[in-house]
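Trainee: I would like to learn how to read a model of this kind, one feature after another. Could we begin with the whole chain and then turn to single residues?

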Amino acid sequence: MGLLSAFGRDRSLAFELTRREILGRYRGASFGMLWSLITPFLMLLVYTLAFGFIMKGRWPGSSGSTTDFALILFAGLTVHGFFAECFTRAPQLIVANTGYVKRVVFPLEILVWSMAFSALFHLATNMLVLLLLFVGVKGVVHPTALLLPIILAPLVILTVGVCWIVSALGVYLRDIGQIAGVIAAAMLFLSSAIIPVESVPESYRLVFELNPLTFIINQVREVVIWGRGPDWTGLGIYTAIACAFAVVGYLVFKKLRVGFADVI
């Protein structure tokens, strides 16, 4: 039950921590939370300029237009952005909240859920911008886009499991924080976020296919860009693996948390 405490006994605490984190990010800004919509829109403009107009990038199977390429690229980068935000913050998550560590009754595992929910909020705003721009370009949104929450849920579960392990190890091994950004960048360039897997040489393709982001990125594009149904079999297998990894991550976190107070 501790694994799902963010949806049960500690849901009010998880909600409050998430709300405080989201509002804190935009506190003092003139446009406030409007930046959560403005930022992804500006990102899309940058991607369109850099990859579409300057590098003349095109995506296999698309119409070949710059706008289509930008939308396809943006869909992949937003998925990676969610994982990268959580993964790069995880090593310092416990260390940066020493006040909670000293409180014996505080459920530290909630911190990972709160971080994931905050990143999920920004992923949702990015997806909203993507859908709005898709309507502006194509004039319609595919009904399959309603399946986005189902497709993204396994990634959220997997990310939480990974962050439980990384945040716990980050207390004992502070060097993890130094390499987390490098690993996140590697997962970007070794996924289908900016490179079609079909364009990768056969000898390196397995690396891209084993990247846990590749499958989710492809499925997001299937339902949003192409208007096709997801790979339900693959999604079921992915969900089972994500849930198993989340359980392992939670057990590792519970095992290591007994020494947090001594180390910090």
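Trainee: What percentage of the 264 residues of the protein chain count as buried?

Mentor: Please keep in mind throughout that this is a predicted model. A residue counts as buried when its relative accessible area is under 20%, and in the protein chain 48% of the 264 residues fall into that class. The accessible surface of the chain comes to about 12,900 Å², and carbon and sulfur atoms account for 70% of that surface.

Trainee: How many helices and how many strands does the secondary structure of the protein chain come to?

Mentor: There are 11 helices and zero strands, so that the order of elements from the N terminus reads α-α-α-α-α-α-α-α-α-α-α. The radius of gyration is 19 Å, which is close to the 18 Å that the globule rule gives for 264 residues, and the chain is therefore as compact as a globular protein of that length. Along the principal axes, the C-alpha atoms fill a box of roughly 60 × 50 × 35 Å.

Trainee: What share of the contacts with a separation of 6 or more is accounted for by residues 24 or more positions apart?

Mentor: A contact means heavy atoms within 4.5 Å, and among the contacts in the protein chain with a separation of 6 or more, 77% come from residues 24 or more positions apart.

Trainee: How many positive and negative side chains does the protein chain have, and how far apart do the centres of the two sets lie?

Mentor: The protein chain carries 19 positive and 13 negative side chains, with the centres of these two sets lying 8 Å apart.

Trainee: Turning to the rings, how many aromatic pairs does the structure hold?

Mentor: The structure holds eight aromatic pairs. In judging the geometry of a pair, planes under 30 degrees apart count as stacked, over 60 as edge-to-face and the rest as tilted. The rings of Y172 and F260 have planes at 50 degrees and centres 6.1 Å apart, and the pair is therefore tilted. This pair links distant parts of the chain, since Y172 belongs to helix 6 (residues 148–172) and F260 to helix 11 (residues 260–263), 88 residues apart.

Trainee: Are Y172 and F260 buried, exposed or partly exposed?

Mentor: Y172 has a relative accessibility of 35% and therefore counts as partly exposed, whereas F260, with a relative accessible area of 0%, is buried. Another aromatic pair is formed by F215 and Y238, whose ring centres are 5.6 Å apart and whose planes make an angle of 20 degrees, and this pair is stacked. It links distant parts of the chain, with F215 in helix 9 (residues 212–226) and Y238 in helix 10 (residues 232–256), 23 residues apart. F215 and Y238 are both buried.

Trainee: Which residues do ring pairs link into a cluster?

Mentor: The cluster consists of W113, F117, W164 and Y250. Y250 is found in helix 10 and, at 12% relative accessibility, counts as buried. The C-alpha atoms of Y250 and T98 are separated by 19 Å, while the two residues are 152 positions apart along the chain.

Trainee: Which residues does S114 touch, if those up to four places away in sequence are not counted?

Mentor: S114, which is placed in helix 5 (residues 109–138), touches A14, L17, T18 and E21 when those sequence neighbours are set aside. Its relative accessible area is 3%, and S114 is therefore buried.

Trainee: How far apart are R11 and I110, both along the chain and between their C-alpha atoms?

Mentor: R11 and I110 are 99 residues apart along the chain, and their C-alpha atoms are separated by 8.9 Å. R11 has its place in helix 1 (residues 11–26) and counts as exposed, at 53% relative accessibility. G234 lies in helix 10 and counts as buried at 16% relative accessibility.

Conventions
Residues are numbered from 1 along each chain as its sequence is written. This is a predicted model: local features need pLDDT of at least 70, side-chain atom pairs count only at pLDDT 80 or more; totals for chains, interfaces and linings use all residues. Side-chain values use heavy atoms; hydrogens and water are left out. Helices (H or I, at least four residues) and strands (E, at least two) are DSSP runs, numbered from the N terminus. The radius of gyration is taken over C-alpha atoms; the globule rule is 2.2 Å times the number of residues to the power 0.38. Buried means under 20% relative accessible area, exposed over 50%, partly exposed in between (1.4 Å probe, protein chains only). Accessible areas come from the Shrake-Rupley method with a 1.4 Å probe; for residues, only the protein chains shown count as cover. Lys and Arg count as positive and Asp and Glu as negative; His and the chain ends are not counted. The place of a charge is taken as NZ of Lys, CZ of Arg, CG of Asp or CD of Glu. Rings of Phe, Tyr and Trp (its six-membered ring) pair if their centres lie within 6.5 Å; planes under 30 degrees apart count as stacked, over 60 as edge-to-face and the rest as tilted.
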